[in-house]
Amino acid sequence: MKDAKIIQSVGFDKYFHTDSWEEANKSFFNQLAPKYDLLNEVISLGQQQRYKKDAIDVLNLTRKMRVLDVCTGSGDMAIYMYERCEELHIDAVDVARGMLSLAEDKVNRLGLKNIYFYEVSALELPFRENTFDAVMMGFGLRNLKDIRLGLKEMFRVLKPGGTFTTLDLGKPQGKWQRTLYHVYYETLMPWLGRIFFHRNEYNSFAYLSVSNKHFPSSEEIMVMMREAGFIGIYERQYMLGGVAQQVGKKGLKQKKGDV
Ligand SMILES: C[S@@+](CC[C@H](N)C(=O)[O-])C[C@H]1O[C@@H](n2cnc3c(N)ncnc32)[C@H](O)[C@@H]1O
């Protein structure tokens, strides 16, 4: 889909005046940054820390590993990885300066070492191939202009034998779970959002449900992961399927021509 169409379909056009999806999305997160952590707690009904921490299990983090948190936002995934193992080298990237400032403040306040932030795009990672033992992405995939390219980039920088995982909203399959999900995200949340956002601000509580219309299902993401080169792919679900995690590995033996 063309940038202008996506911008319009999620309602960014009334707030951010640009034809580029990346610019509109960046402006959205820069505007949202001061409220981001609080709103995440509200949206997830206080559950986000739990499933974000659980999601890290699959990475089997051990000392001296070098890991990457893509679309780090306010830095929670990077911080949770550090809490799991203080001797990691953690790189974390994001395009929105406002979000990175939040993450940097948090890390400095907590006095954490070995976490390094970069203001760069997930679609053009400034790292050599085969650099990281593990690559993590939390609620980032839906924001990328090109999901396939993002997956290829993360595959490229992952070491052979390394693990990649991505966590985002899922699409519940059961009938009543689906009904509950739709009522929550499409009716209740945008309405609740009006309490937190002023007239001239984009109501981010509407973003998740609107962008979900274009966001692939867990099965589709796993197919894209396979196309990007990952193997041993599987999924985990949280909150009755409302949140889904996909996991994959980079094979130890790469075919000739693969990076
Ligand atoms: C919903 S937040 C997720 C933050 C954090 N990972 C979490 O789980 O709370 C999505 C983040 O992706 C960032 N982002 C969007 N497009 C990006 C891109 N192309 N490259 C890197 N970061 C991007 C946004 O700036 C935002 O901080």
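A helix crossing is called left-handed if the near helix is turned anticlockwise from the far one by less than a right angle, and right-handed if clockwise.

**View 1. Right-handed crossing of helices α3 and α8 in the predicted model.** The model is predicted, so local features need pLDDT of at least 70 and side-chain atom pairs count only at pLDDT 80 or more, while totals for chains, interfaces and linings use all residues. Residues are numbered from 1 along each chain as its sequence is written, and side-chain values use heavy atoms, with hydrogens and water left out. The axes of α3 (residues 36–43) and α8 (residues 175–196) come within 11 Å and cross at roughly 140°, where axes are lines fitted to C-alpha atoms over the stretch in contact and angles run from 0 to 180 degrees between N-to-C directions. Leu38, Leu39, Val42 and Ile43 of α3 meet Tyr184, Tyr185, Met189, Leu192 and Phe196 of α8, contact meaning heavy atoms within 4.5 Å.

**View 2. Strand β4 and its pairing partners β1 and β5.** Helices (H or I, at least four residues) and strands (E, at least two) are DSSP runs, numbered from the N terminus, and two strands pair if DSSP finds at least two bridges between them. Strand β1 (residues 66–70) pairs with β4 in the parallel sense over four bridges, and six bridges join β4 to the parallel strand β5 (residues 158–169). Met137 is the bridge partner of Val70 and stands opposite Thr166 in β5.
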